[in-house]
Amino acid sequence: MASKSTQQTQQQQQQTAKQRAAEAEAEKIKEYIANIHYSDRYADDEYEYRHVILPKPLFKLIPKGYFSPDDPGVLRLLSEPEWRGIGITQSLGWEHYEVHAPEPHVLLFRRSKAFDSQAAQAAMFNDVQPQPKGATAKNGRKK
């Protein structure tokens with residue numbers, strides 16, 4: 001029978017091994033994210049478009065809930081927090097609007113040409129609603 005200190009040492013070694021494995025996995029994910037390919041933008045009269053190509057190893061790590069229930073190998077349309085959560089980074093206003101089943105690791109995005117990124121950033125960071133001119137505060141004073 002192993003002594004109590006031997007058991008504690010073994011538990012610490014197992015914990016350390018798990019931490020190292022988790023750190024190695026995190027480094028792999030960072031590398032995959034660094035290898036995401038963002039296309040140049042292209043446009044029509046209403047939208048600008050771009051496609052994003054995920055490295056296949058990163059695609060394999062996407063949670064199962066992000067896939068279509070009808071076709072498990074194809075992503076459903078993702079919300080902004082979802083696609084940002086898998087490592088895609090782009091400016092505000094982009095929406096994931098299309099999936100291409102033959103190449104499920106390619107995500108198609110669009111943004112309205114009328115999108116005002118400066119106003120969206122200001123609203124997001126300041127969490128302030130624009131006030132009409134001459135608006136007054138609850139205490140009757142002008143803002």
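Residues are numbered from 1 along each chain as its sequence is written, and side-chain values rest on heavy atoms, with hydrogens and water left out. As the model is predicted, local features need pLDDT of at least 70 and side-chain atom pairs count only at pLDDT 80 or more, whereas totals for chains, interfaces and linings use all residues.

The protein has 4 helices and 5 strands, where helices (H or I, at least four residues) and strands (E, at least two) are DSSP runs numbered from the N terminus. From that terminus on, the elements follow the order α-β-β-β-α-α-β-β-α. Of the 143 residues, 24% count as buried, a term that stands for under 20% relative accessible area, with exposed meaning over 50% and partly exposed the range in between (1.4 Å probe, protein chains only). The protein exposes about 10600 Å², of which carbon and sulfur atoms supply 50%; accessible areas come from the Shrake-Rupley method with a 1.4 Å probe, and for residues only the protein chains shown count as cover. Among contacts (heavy atoms within 4.5 Å) with a separation of 6 or more, 45% are between residues 24 or more positions apart.

In soluble globular proteins, nonpolar side chains tend to be buried together. A nonpolar core is here a set of buried Ala, Val, Leu, Ile, Met, Phe, Trp, Tyr and Cys residues joined through side-chain atoms within 4.5 Å. The largest such core holds 17 residues, of which Leu54, Ile62, Leu75 and Ile88 touch the most other members. The elements that give two or more residues to this core are α2 (56-59) and β5 (106-112). Leaving aside neighbours within four places in sequence, Leu54 is in contact with Ile36, Phe59, Ile62, Ile86, Ile88, His105 and Leu107.

Strand β5 is largely enclosed by the rest of the structure, because 5 of its 7 residues are buried. Two strands are taken to pair if DSSP finds at least two bridges between them. Strand β3 (residues 47-53) pairs with β5 in the antiparallel sense over 7 bridges, and Val52 stands opposite Leu107 in β5. Strand β4 (residues 95-99) also pairs with β5 in the antiparallel sense, over 4 bridges, and a hairpin joins β4 to β5 through 6 residues.

The structure holds 6 salt bridges, each defined by a side-chain nitrogen of Lys or Arg within 4 Å of a carboxyl oxygen of Asp or Glu. In one of them, the side chains of Arg111 and Glu48 meet at 3.0 Å, N to O. This pair links distant parts of the chain, with Arg111 in strand β5 and Glu48 in strand β3, 63 residues apart. Arg111 is buried at 7% relative accessibility, as is Glu48 at 17%, and Arg41, Glu48 and Arg111 are linked in a network of salt bridges. A salt bridge also joins Glu95 and Arg110 (2.8 Å, N to O); since Glu95 lies in strand β4 and Arg110 in strand β5, the pair ties together parts that are 15 residues apart in sequence. Glu95 and Arg110 are bridge partners as well.

Within helix α3 (residues 80-85), the side chains of Arg84 and Glu80 form a salt bridge (2.8 Å, N to O). Being 4 residues apart in the helix, Arg84 and Glu80 are separated by about one helical turn.
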